[in-house]
Amino acid sequence: MPEMATGKQHKKAEGEEDPNVNPLICSAELILPWLNPRELASAASTCKTLAQLSRLITLRRTSDATRSFEKLPVPFRGSSQRNSPPYAYFLYAESQLLSSESPDRQPWGSPSSSTVAGAGSSKQSAAENGCGCGCEGCGIGNRSLEREELEVGVLSECGSGCGCGLECRNRLTQRGIRVKLKIVWSERKSWCLLADQLIPQGQFVCEYTGELLTTQEARRRQQAYDGGRFSSSALLVVREHLPSGKACLRVNIDATKIGNVAKFINHSCDGGNLWTVLVRSPGAFLPRLCFFASRDINKDEELCFSYGQSRARSNGRQCCCGSPVCSGTLPSEVT
């Protein structure tokens with residue numbers, strides 16, 4: 001006669017490991033999200049369990065390039081062709097970072113959607129200090145911008161020293177991405193940023209974030225990028241001009257290794273469909289570069305802007321914008 005199972009027989013003794021919990025899986029779920037694609041592939045080749053977990057992490061990565069830093073996910077949409085990569089690997093930054101503040105790694109593809117504080121999670125720019133306008137509130141809601149304001153290319157917003165919070169209507173570009181976007185693979189252009197909804201004219205799209213570099217460091221890196229170490233560099237040089245037309249300020253933003261989805265916005269010789277606007281805030285040493293829709297942008301339409309004036313270069317990269325006025329060569333900063 002079989003014995004009846006008692007509660008004591010089913011109750012796990014204190015300190016006893018749960019036989020249903022696989023220590024390898026638990027450890028792997030903590031470690032694998034920190035690996036880059038090459039390291040992840042190496043781990044996947046060791047056993048079937050790690051291969052399955054690696055595929056799951058890859059799937060999670062393709063579902064959101066922002067690593068959950070943004071309120072809306074921005075997915076990767078690869079091509080059906082075999083040579084299409086599932087995603088582009090980079091570290092995510094919501095705001096400008098000094099190169100000394102850039103993290104070496106970030107988790108991406110964890111089972112939970114939590115992010116790591118201090119890895120680009122602060123909306124305050126690294127170029128801000130403690131000064132501000134002292135306001136206590138400039139109204140709640142979204143600020144309505146006129147076309148004339150955006151065409152000028154310079155806006156002023158409240159800053160870190162102001163008494164208002166992110167709900168202030170004069171902090172439109174500081175709340176992260178609020179429109180649906182997606183990153184799509186192109187055989188000619190590599191990754192491209194596309195609208196995943198109708199974006200009306202004047203709508204804020206995103207900021208261009210990355211490492212803030214000195215001009216000397218920017219020149220050194222550009223030489224390395226031109227040498228072919230990185231096939232898709234994203235070092236942007238912004239110049240703020242005086243009314244006389246002379247350059248008064250140069251800002252070097254490198255999103256090659258760390259940045260946000262703006263790094264996937266490609267060049268168009270016809271100017272594209274985005275306005276580039278420098279946003280200044282009280283207490284900020286440097287302006288932020290933000291993108292606004294220069295016209296109504298349809299769903300599935302690629303987002304583009306002009307990188308600058310094209311110059312004839314023997315080693316210039318081919319432009320694939322496809323516009324009727326395409327120069328055939330991508331603009332390049334003469335450093």
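The following legends describe close-up views of a predicted model.

**View 1. The second largest cavity and its lining.** By class, six of the lining residues are nonpolar, none is polar and two are charged.

**View 2. R67, a buried residue without a salt bridge.** R67 lies in the loop between α4 and β1 (76-77). D64, the nearest side chain of opposite charge, is 8.9 Å away. The R67 side chain instead reaches the backbone oxygen of F90, at 2.4 Å.

**View 3. The salt bridge between R105 and E39.** This pair, with an N to O distance of 2.9 Å, belongs to a total of 13 salt bridges in the whole structure. It links distant parts of the chain, 66 residues apart: R105 sits in the loop between β3 (97-98) and α5 (147-152), and E39 in helix α3 (residues 37-44). R105 is partly exposed at 36% relative accessibility, and E39 is partly exposed at 27%.

**View 4. The salt bridge between R147 and E151.** The N to O distance is 2.8 Å. Because they are four residues apart in helix α5, R147 and E151 are separated by about one helical turn. R147 is partly exposed at 39% relative accessibility, as is E151 at 43%.

**View 5. The salt bridge between E301 and R295.** The closest N and O atoms are 2.5 Å apart. E301 is buried, with a relative accessible area of 18%, whereas R295 is partly exposed at 36%.

Technical notes:
Residues numbered from 1 in each chain as written. Predicted model: local features only at pLDDT ≥ 70, side-chain atom pairs only at ≥ 80, totals over all residues. Heavy atoms only, no water. 1 Å grid on protein atoms, 1.4 Å probe; cavity = no way out; pocket = protein on both sides within 12 Å on 5 of 7 lines; lining within 4 Å. Nonpolar A, V, L, I, M, F, W, Y, C, P; charged D, E, K, R; others polar. Helix = DSSP H or I, 4+ residues; strand = E, 2+ residues; numbered from the N terminus. Buried < 20%, exposed > 50% of the residue type's maximum accessible area, 1.4 Å probe, protein only. Lys, Arg positive; Asp, Glu negative; His and termini not counted. Salt bridge = Lys/Arg side-chain N within 4 Å of Asp/Glu carboxyl O. Polar contact = N/O pair within 3.5 Å; in protein donor to acceptor, adjacent residues only side chain to side chain.
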